[in-house]
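The following account leads the reader through a structural model, one chain at a time and then across the contact between chains. Please keep the sequence and the coordinates at hand while reading.

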Amino acid sequence: MNKLLELSTTELSNLISSKKLTSEELVIESLKHIEDNDSKINSFITILKEESLKQAKNIDEKLSKNELEKSFLTGIPIMLKDNIATKGIKTTAASKILENYISPYNSFVTKKVIKGNGIIIGKGNLDEFAMGSSNETSFFGEVKNPWDTDRVPGGSSGGPAAAVSAGFVSCSLGSDTGGSIRQPASLCGVSGMKPTYGIVSRYGLIAFASSLDQIGPIARTAEDCGNILNIISGKDNNDSTSYEKNFNDFNAKINDEIKGLKIGIPKDYLKNVEPNIKTILEESIKEFEGLGAIAEEIELPLTEYCMDIYYIIAPSEASSNLSRYDGVKYGFRSSNTENSRASLIESRSKGFGDEVKRRIMIGTYTLSAGYYDAYYKKAQQIRTLVVKEFNDAFKKFDVLLAPTSPTTAFKINEKTNDPIKMYQSDLCTIPVNIAGLPAISIPGGFDKDLPVGIQIIGPQNGDQKVIQFAHKFQENTKWHLNYPKI
Amino acid sequence: MKISKKEFENLSKLASLSFESNNENIVSDLEKILSRFESLSKIDTANVEPTSHVTNLQNSMREDKSKTILSNEEILKNSPENTSGQIKIPRVFDNE
């Protein structure tokens, strides 16, 4: 692999700014690496070869004439997860039902990337409709972990995480409903951040669970994540849950010391975590203590219920969101033309994969008459208590530090027959979505040659602090500078 | 917890999904998943307001003005079947 492809997005952006590197050179190297090696990883659903080359040339020309206002992403190849709408380009959500769907509009973040002259080099593979923790439910085949191709990359943003890990791109955008950015970032040894809910517009993100979904970056470093968030965040009238954040620069605090700041270690996150991952977490606590931070244990007893309330709330919202797939307006329609009801049922039954159908059925059950109060309402009431528990914790602590995933990358097919076991992959990431908090996963060490992520969680709108802690860690460690051989 | 055959059929109907006649796997998965939720009754939620949205934004309104987002033609491009500027679907009513 060309050394260029090992650089962080921030380093590449600086090289392009200072005219030591052209966008075309970078795009050519990326495309070559993708063409030579993505057949082993399967991280892309669509590769935009001609378009990216053309756009790179165009950007270089304008840059040479100083006709372009330079943004962080100018001339940088980026992958967008294939549940993010891209006008004129297939947007499949890795589902058969949207196999041939060409979006007639751009998502908010797509517009932001284009406006910043970022180069969308392709669309990333994912679990179907972002429902999964291993990227095995994709209609376009599973993604393989670049560290060991017999293993999963995590999910659902498996493509975006694997592509950064493999060096195909220095950065990508994913979405995170219950851990879908952070868990694959952990399993692939890269940095991935879910910002505070509402800071990035969901307009044009194919909806899974609207009160939990959030778009965020995956890249080599926390600093990269902050720089990308600066571009994609902002209030959008097309998403009424989006709002203007109360700070300007996600990276404004990265040079501030963390001396004297307080880190809470929630022990309830460690219950189902593998021993070697606990050891790595303990080492990272020592690292932070060495930098002057004060770490203390904290109890968050509702943690153990978060997975269950998530598997009520997310499927409930999904069953409602996915009712739009009817084989009428767009998407797959079955050849059954007997009548419209039969066509609807057959289009959905043949168009959705097993996991998606399973979740629609759970959500239909928990929302159905007679069960609504016992399940959906109950889950939302507990959600209130979870939010309160976190609020109380952040009165005492600046951030919380926890593992990202209870295990390292597991073997392909290891958990496909046991949905509950699969769901438990997100035990440490789900509570963050329940409360709408910002959190980042960064590489914290290795266990038997597989990367292990650590997770830094902040209070709502505490995104800067999350990045500050992550950046300090990366300034003083080298885990994020390891690259798999593929 | 058990899901009866009748209950499963009703659920499939509500979800507009059909399953192969051999649907034991999905039924037993659902039973296992739904059983887990029983533990939630241990938590006292009397007088607790439900949270549907976590950021406390209220009344996010926009001006009540119509605007054109996409043309008819652009929208029809993705429809499986269309005719004379309209989406075509199989018949809705039976002959009887």
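Along its sequence, chain B runs in the order α-α-α-β-β, with 3 helices and 2 strands in total; helices (H or I, at least four residues) and strands (E, at least two) are DSSP runs numbered from the N terminus. Because its radius of gyration is 23 Å, well over the 12 Å that the globule rule gives for 96 residues, chain B is more spread out than a compact globule. That radius is taken over C-alpha atoms, and the rule is 2.2 Å times the number of residues to the power 0.38. Taken along the principal axes, the C-alpha atoms of chain B fill a box of roughly 55 × 45 × 25 Å. Buried residues make up 10% of the 96 residues of chain B, where buried means that 20 or more other C-beta atoms lie within 10 Å of the residue's own, exposed means 12 or fewer, partly exposed is in between, and C-beta atoms are placed from the backbone.

The model is predicted: local features need pLDDT of at least 70, side-chain atom pairs count only at pLDDT 80 or more, and totals for chains, interfaces and linings use all residues. Residues are numbered from 1 along each chain as its sequence is written, while chains are lettered from A and ligands numbered from 1 in the order in which they are written.

Chain A contains 15 helices and 11 strands. Its radius of gyration of 21 Å agrees with the value near 23 Å that a compact globule of 486 residues would have. The C-alpha trace of chain A spans about 65 × 55 × 45 Å along its principal axes, and 63% of the 486 residues count as buried. Of the contacts in chain A with a separation of 6 or more, 76% join residues 24 or more positions apart; a contact requires C-beta atoms, placed from the backbone, to lie within 7 Å.

What lies in the interior? The largest nonpolar core has 148 residues, and A:Ile78 and A:Ile440 have the most contacts inside it. Helix α9 of chain A (residues 303–321) provides the largest share of this core, 10 residues. Such a core is a set of buried Ala, Val, Leu, Ile, Met, Phe, Trp, Tyr and Cys residues joined through C-beta atoms within 7 Å. Beyond its neighbours within four places in sequence, A:Ile78 is in contact with residues including A:Val113, A:Ile120, A:Val169 and A:Leu173.

Helix α5 of chain A (residues 158–166) is largely enclosed by the rest of the structure, because 9 of its 9 residues are buried. Among them are A:Gly158, A:Pro160 and A:Val164. Just after this helix, A:Gly167 takes a positive phi of about 85 degrees.

A:Lys267 sits in the loop between β7 (262–266) and α8 (275–290) of chain A. It counts as partly exposed because it has 14 C-beta neighbours inside 10 Å. Not counting residues up to four places away in sequence, A:Lys267 touches A:Glu297 and A:Glu299.

How many residues of each chain meet at the contact between chains A and B? There, 54 residues of chain A are in contact with 42 residues of chain B. On the side of chain A that touches chain B, α9, α10 (340–351), α11 (354–367), α12 (373–396) and α13 (419–423) each supply at least two residues. Helix α12 of chain A gives the most, with 10 residues. The residues of this side divide into 25 nonpolar, 19 polar and 10 charged; Ala, Val, Leu, Ile, Met, Phe, Trp, Tyr, Cys and Pro count as nonpolar, Asp, Glu, Lys and Arg as charged, and the others, Gly among them, as polar.

Conventions
Contact = placed C-beta atoms within 7 Å.
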